[in-house]
Every structure is written in C-alpha cells, then in structure tokens.
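Subject: Structure for you to look at

Hello,

Here is the structure I said I would pass on. Please open it first; my notes on what was found follow below.

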Amino acid sequence: MTQTFPKQDAGASASSSVFAGRMARARRLGGGRLASKASDGRQLAALVVAVVALLAYGLAGAANAATAIDIAMFVTLAYSWNIISGFTGYVSFGQVVFFGFGALFTGELIIHAGMTWYLAAVVGGIAAAIVAVPVGIVMLRLRGIYFALGMFGLAYVVSLLCSRWSYTGGSTGLVIPGSLAQNQVLIGLTCVAVLAFLVNAYMARSPFGLRAMAVRDDEQVAEAMGVRTMQVKVTAFALSALLPAIVGGFIAYYRAFIDASSVFDAQVDLQVIVFVLAGGIGTVWGPLIGAAVLTIVNNQLSDNLPDWQLAVFGALIIVITLYLPGGVASIFNRFGWLRRDIIRGPKRIRARDELEALLPRADDGAGATGELLACRDVGVAFGGVHALQGVDFVIERGTSTFIIGANGAGKTTLFNTITGLVKPSSGTISFDGVPVGRSGPHALARSGIGRTFQIPRPFESMTVWENVLAGALGGRARGSAVRYAEWVIRVLEMEDICYDASATLPVGHRRMLELARALALAPKLILLDEVMAGMSDEELQRVRSAIRQMRSFGVEAIVGVEHVIKAIVDLCDEIVVLDRGRRIVSGPPEEILRHPEVVRAYLGTAEED
Amino acid sequence: MVYLQVLLNGVLLGGFYLLMAQGLNLIFGVMGIVNLAHGAFIVLGGLGVYSLDQRGINPFLGLVIVMVAAAIVGAIVQWLVIERIKATGKQGELLSLMATFGLSYIAINIGQKEWGSDFKTIPYLQSAVHVGSLRFSVSLLVGVGLAAVMTAAIFGWLGHTRQGKSLVATSQNPLGAGTCGINPLRARLIGFSVGAALAAAAGMLLVLTQPIAPQLSTNYTIIAFVVIALGGIGNYAGAALGAVLVGAVQTLSGYQFGSVIQEAAPYLMLILIMLFRPNGLFARQGR
C-alpha cells in the first residue's frame, strides 16, 4: 500500500518541521492560524482596555454618557447581527424586531409588574430568544436576499401591529416610570456588550462556530457532513435575538418613553449592517471597531454638520466599500494582528501510531457481510424529465462497486438520492436495513453515509484542517474529533497542505480534501463521485492507495462513479452501468467490459478497446 | 361591484409597482447588483418632475428630461462606484449592497436639502373615466399604459437587440462576454443608466398620483424588491404578474381588513410565497 508514497515521516523532527512550515504559511495566508496563547492574552488585554476606556469616558459626565450608551448599544447590536449574518451567513435586514420586542416587553414588565429594570430586560431577552425559535424555524427556510427581505417585512409588520395595539402603546407610545439612571444603564449595557463579544469569540473558535461557518460556506455540503443545519441556524438566530432584546430593554428604561416607530426603526438595522461590514463581517473585532468608530463619527456629524449628516455618512460608507472591502479589521490582519484564530489545531499533528493507540479500533467492519445498501425500483423525476427510472441494485458489505455511464446517465442524481438531497419520486432505498425514506441528509450522514462531490466543494473560508475537522465533528465530541481528524490527515499524508487556505488549493488537492473530509466522518458506506478526474499520476496513485486502505477507516463498502475505466478495474468487485437513468447491466468488471451493450452504449465502437 | 372596482384599482396599482420594479429588475435581476438606492432614484425622479412642473414644464416633457438626467447620473454612479467593486459572488453582493446603501443616504440627503421633507404631488390628469358604474382615474390609466409600454420595450431590448443581449451576456459571465467581443464596461454602464432612467420614470408617475417625500425612498426600494422576488429574479413576465398580484391583494385586503393589513400584505405575501415556491411564483420548478 505504500510503495508509491513518499517515505512516511515519523517522530518529532518531522513534526517540528511541519510546525515551522505552518508558521511561515500562516503569515502568508489570511486563513492561517497560530496556536499561541499569547494571542489570547493580547486580545483579552485589548478588550479590557476598550471597556475601561468606554466606562472612563462615559461616567465622566451626562453628555459623555449619552454617547457612551450609543456606542455600547450599537456595539452589542453589531455583534448580535454578526452571529447570524456574519458567522452563519444569513444576512438579516430585520433583527431590530427583537430590539423592539425587548423594549416593549421590558416596558410592560416595569409598568404592570413593577419589576426591577435590569431583571425585566433580562426576562425580555430570554422571552425574545424563546420566540425566536419558532420564528427562526420558519424564516430560516428562506435563502439569501429573500431571508433578508422576509426579516425586514416581519419587523415592519410587527411594528405596524404594535403601533395599532393600545397595549403596546399604540400610536401614542408608552411612558416607562423610572429615574434618569444613565450611569447604571451604561454599566449594564457594557456588560451586555462584553457578553456579545464573548459569544462572537466563542463562534470563532468552537465546534458550534465551525458548524455555523460550514452552513455559511455551503449548506448542502454541511448537511452531507452530518451538520444539523436547522439546529445550528436556529440556535445562532436565537442568540442574535437574545442580546438585542436585552439592549432594547435597557434602552426603553433609559429613554423612559418608547413607541413602535422608534424601537422598530429599520434605519437602526441598516446602520448596524453597515457598521459590521465596515469593521469586517464574520470577524471577532470588526463589529466592535466598526460600530464604535462609526457611531462616534455619526454623532459628531449630527452635532457639527446636521444638514449634511446623511450624505457625509453615505459617502464614508462608499469610500470604505471601495477601498477597504474586508473592513477595518482587514488592515490589522495584514500585520497579523486580530487574525482569525479559529478552532485551534493541535500544536503538532501527532504521529500515526500515537494516534492509533488513542483511537478506538475500527476493525469491526472488516469481517462483516450482508446487505448494506439496497435500491429498489428507484425513480427520480425533475418536472417531466426522468433522471432515474426503475434503478435496482444492492451493495454488499465488504465490496466496492463502481457506476459508469455517459454524462447525463443519472450517476450524480443517484448519489444525491442515496444521500437524501433528492427525494425519489418512486421506489425505496434502505441503508443498513433501515429505509432512508424521510431522514434528512445530515441524519443519513451521521448514520454512516459519507460522500464526495463531483466538483470539489470545500468550505472555502476554512483551512484544510478545519474542513477535515468539520467532517470529523459529525456525531463526535470535540476531543475525539480532533484526534480522528489528525489521524485522517496522517494516513492520507496531507500534513504539508494541512494549514493551507482551502480556497486557493489546486484541483488535485481539492479532491484529496473532499476525500479526507468524507473519511473523517468515519462512514460505513462512502460514495466517491469522480474522485480521480483531473488528477496527476502521482495524485492518482495516492487516491487509489487511499481507496485500497478504506477498510482501515471502518468503511464497509465503497460506491464510486468514474469515467476512467482503466483506473478502476482492479479496484472494484462490481460495475453497474447506467444509461439514460436506467440500469442496463451490472456484474464483475471483466464481464461488463465484454458486454456488447456496454461496449455500444458507453465505450463507443467495439474495435476501440 | 364594489369588489370589482377595488380589484381593478389594485390591478392598476400593480402597473405602478411594475414600473417601480422594472429598473431594479434590470439592475438587480439581470446585472446582480443589490441596489438599495433604487427607491431614492424613484423619489428624486418624481421630485425633479415636480420642480419642472412648478416652472411650467409639462410633466410629460419633464419625464423625458428627468429620464435623461437619471441615465447620466446612473452612468456616473456605475462608473465611479459600482464598477470599482472588484469582488464577485456573495462578497460582491454584500459590497454592492453597502455601496448603494451609502448612495441612498446621499440621495435622500440631497432630496431633503432641495425639496424638504414635506410631501409633494402634482395635480394633473385629475379627471376620471367612467365605464358603467366603474370609475378609473386617468392618471392611473396613463401610468399603467406607460408601465406596459416600458415593460414591453425592456423585454424586447434585452431579448432581441444586440445591446440588450450583450448586457445579459456580460452579467452572466463578463470574461466570456469579453472573449465574444463585447465591451463589458460599456454594457454595464448602459444597463445601469437604463435602470436609473426607468426608476425616474416610475417616480414621475408616482408624483402624479400620490404625495411623495425623500424619506419614503426605502419603502419604494422594498416594494420593488418584493415584486421581483415574487416574479422570479430577472424574469420580466413574472415581474408583471407579481406586480399585479401585489397590487390586487393589497387593495382587496386593505378594503376588507383595514390599513394595517394593507401595508403588511406585500411582506406577508413574500414570506409565504418564498416558503412554498423558493424560486418565485412563476419560476419553472427546477432541481
């Protein structure tokens, strides 16, 4: 199995050279990441400085306090928006609905229940998070600009309803009893802002954050890697409802008067979006920088240039867009500060035998026999086009099967149907004795179906390591996922590219990444969609060797799609031939290659081979 | 009979919405630029016609002047701002959103400086046509007629002229279009100026039928987005049906349930339809 591989490095010297290479690479690539505690310390120090500066300024006088409250409010709103829109990729134009909800809810609690203001605000926040769950389940089915507009519409509709309903103040508004407690509100808001920062920092480095970013980069692939996408999205959505609602409650108490049109003001949302984009979307420090700086600029403008405030602000936004498209955080990143420091890789990738001692052995699949996957009379229709018709076949444990057929024969559709991305319009598929039926793609992935995609679809904002880890996290706890991901990297000998940004990989490496990510899921059945297309000879050998080794990953059966027949004859036990959505024949390779119908339909003329 | 009148008024209102959406359908649907300044173009166009009318220039002549002016402004905006955004895909979409948001601030500010925040309208074509017991205001009919003509013109331009096809090709793949001898810069410049001119035209019709003010810009932007989302992005026939549907549902529900529902109707429609038909109401069901 290793004769074609470069000699495998082992021991400490190799690891230290890997680490040095990675340091060099991390400087070169934006996606790189240094696993040092020093960076944590610096960030914490920066946070403390920011908080002290805000409080020192804000507590110095009444006029200062108003500005400081504005800053703390917008920083929190910016961080909240960053959770759902920056990290999870669902850009919302209507998160202000939760700000308004919190304000009104807190107002009612103070007026009718006489609750203390900060307790009321926290209760309001929790209520908003609870309400956000069903709202999210519905709204997060919308995609892209529709989700953005849908949220805008939702905020608008809620605002209209509240402005007509006397209980929420109607058109006259609510007066909230309380004293002018600027300093207390400022301290409360600062606490929430710090909490918002911590949530963002958590998003940037936790397995949950990694799953959210997988959803952002490619939701379909995330599903196929076992990410419960809806759960992740709704959780992120609830988090980005909780914090604005608490802020809304504080602001309601602070202003002592609220009405629907001011607390549901769409302008607030649009400003928050611009703040985050200007600071750097999807970064930990961007929202803070953007919101703090632009809030100050905006306030200055409204004091000094009230007539042209909007225009100057608008021009500023355009300048930032054109000359700083990554936001202010991208300047700092250029110098290596504030660099994204996501889920920490291990300090060094441990040696293979060291890992194997830690990992539970996955050799139980080696001797298993019997039926793993069965497709019976499967048909798929898109509109009037029958992509698959009456496809029957059974995959036995311990076998590898390749599907061949011309372009458009339905090979990829078959894979999509097996993995649950496409629902069959007729027939049944059962995996491991359980009908696939209604399970979503993530449930199937977790039950043991791994796949690669024909056109490699890495999570582009992540490094190779994070991609593999995202696969390994499907159904595993963090510790064992890290070990397993390390092991996969070792076995596939991808140490050299481990910390490269996946977006810039050449095609051959992208395919290796697809394979590694699918294997990191530790599937029982792996579906390989043209993994050998467009590869160099050396890469081809690596993939072939990986396919031969699949048993050691616990893979019980392999199903592949391939065009290069020569590359697979010695790898497979059975070939299934598809033609225009139908299975025309199947059997052992020698038999299939001589079959007259196959020769005619797939290989072209009989003389050719 | 009352319902028929309400329904027909809704259909006529739909004609307006269609014209509002036309320009955006070109800029967003075809060219892929999330233009949040669209509503501001509409309002400034309308207010421009209003000012010309104050100086004794007939609104229809004013329409021509304003459309030309908007086309020039659109070309400048495209050249100075949009063209300089280099990113593509999701990132490009976000940046164009941000830049046009900045533009809308500038435009609204200019509008407020020049015209103030009061609502303005031109009392013109106030008479009504009676058909049986049904009554249609002439300004609405003219508006719908114009919307229909412009829709047909745009549709023909995009599908059947060299320039229109060049624009579609450029939006789909600028590199590919370049290798076919199209100048992508020029195609996009023309596209954006046509979109801006259409927005200004919608503004002129708007100012004839209802009072407008700079601060309403965002509302018009959103309605335009809703209409093209319903019809399927970049789909002209779909947008026409979407606009009529929004207008009809809005007036009917407003008549039946009151003004809150009337204002909420477009958004509720958007959410419901996108949940069940994510590619728009009239898109062919694909994979």
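I will start with the sheets of chain A. Strand β3 (residues 371–382) of chain A runs antiparallel to strand β6 (residues 426–431) of chain A, and 5 bridges pair the two. To find your place in that pairing, look for Ala374(A), which sits opposite Ser430(A) in β6(A). Please keep in mind throughout that this is a predicted model.

β3(A) also pairs with β4(A), again in the antiparallel sense, here over 8 bridges. On that side, Leu373(A) is the residue that faces Ile395(A) in β4(A). The hairpin of β3(A) and β4(A) has 2 residues between the strands, and Gly383(A) in this hairpin has a positive phi near 60°.

These strands belong to an open sheet of 4 strands, ordered β4-β3-β6-β7 in chain A, with antiparallel pairing. β4 (385–396) and β7 (434–435) of chain A are at the edges with a single partner strand each, so one side of each has no neighbour in the sheet. As a general point when you look at side chains here, those of a regular strand alternate between the two faces of the sheet.

Chain A has another open sheet, this one with 6 strands in the order β8-β9-β10-β5-β11-β12 and with mixed pairing. Its edge strands are β8 (449–451) and β12 (582–587) of chain A, each of which pairs on one side only. From one strand to the next, the twist averages 20°. Within this sheet, strand β9 (residues 525–529) of chain A and strand β10 (residues 557–561) of chain A run parallel and are joined by 5 bridges. Asp529(A) has Val561(A) in β10(A) as its bridge partner.

Next, the contact between the chains. How many residues of each chain take part? In chain A, 44 residues are in contact with 41 residues of chain B. The area buried between chain A and chain B is about 3900 Å², and carbon and sulfur atoms give 78% of that. On the chain A side, Tyr146(A), Leu149(A) and Leu310(A) lose the most area to chain B; together they make up 16% of what that side buries.

As for polar links, 7 residue pairs are in polar contact between chain A and chain B, counting pairs with both residues at pLDDT 80 or more. The elements that each give two or more residues to the side of chain A touching chain B are α5 (117–139), α6 (144–164), α12 (266–279) and α14 (309–323) of chain A. Of these, α6(A) gives the most, with 12 residues. By type, the residues on that side of chain A divide into 31 nonpolar, 9 polar and 4 charged.

The count of salt bridges between chain A and chain B is 1. Which side chains form it? They are those of Asp307(A) and Lys113(B), at 3.0 Å from N to O.

Over all chains, a search of the whole structure finds 18 salt bridges. One of them joins the side chains of Glu219(A) and Lys233(A), at 2.7 Å from N to O. Glu219(A) lies in helix α9 (residues 219–224) of chain A and Lys233(A) in helix α10 (residues 229–255) of chain A, so this pair ties together parts that are 14 residues apart in sequence.

Regards

Notes:
Residues numbered from 1 in each chain as written. Chains lettered and ligands numbered in written order. Predicted model: local features only at pLDDT ≥ 70, side-chain atom pairs only at ≥ 80, totals over all residues. Heavy atoms only, no water. Contact = heavy atoms within 4.5 Å. Buried area = accessible area lost by both parts, 1.4 Å probe. Salt bridge = Lys/Arg side-chain N within 4 Å of Asp/Glu carboxyl O. Polar contact = N/O pair within 3.5 Å; in protein donor to acceptor, adjacent residues only side chain to side chain. Nonpolar A, V, L, I, M, F, W, Y, C, P; charged D, E, K, R; others polar. Pairing = 2+ DSSP bridges. Axes fitted to C-alpha atoms, helices over the stretch in contact; angles between N-to-C directions.
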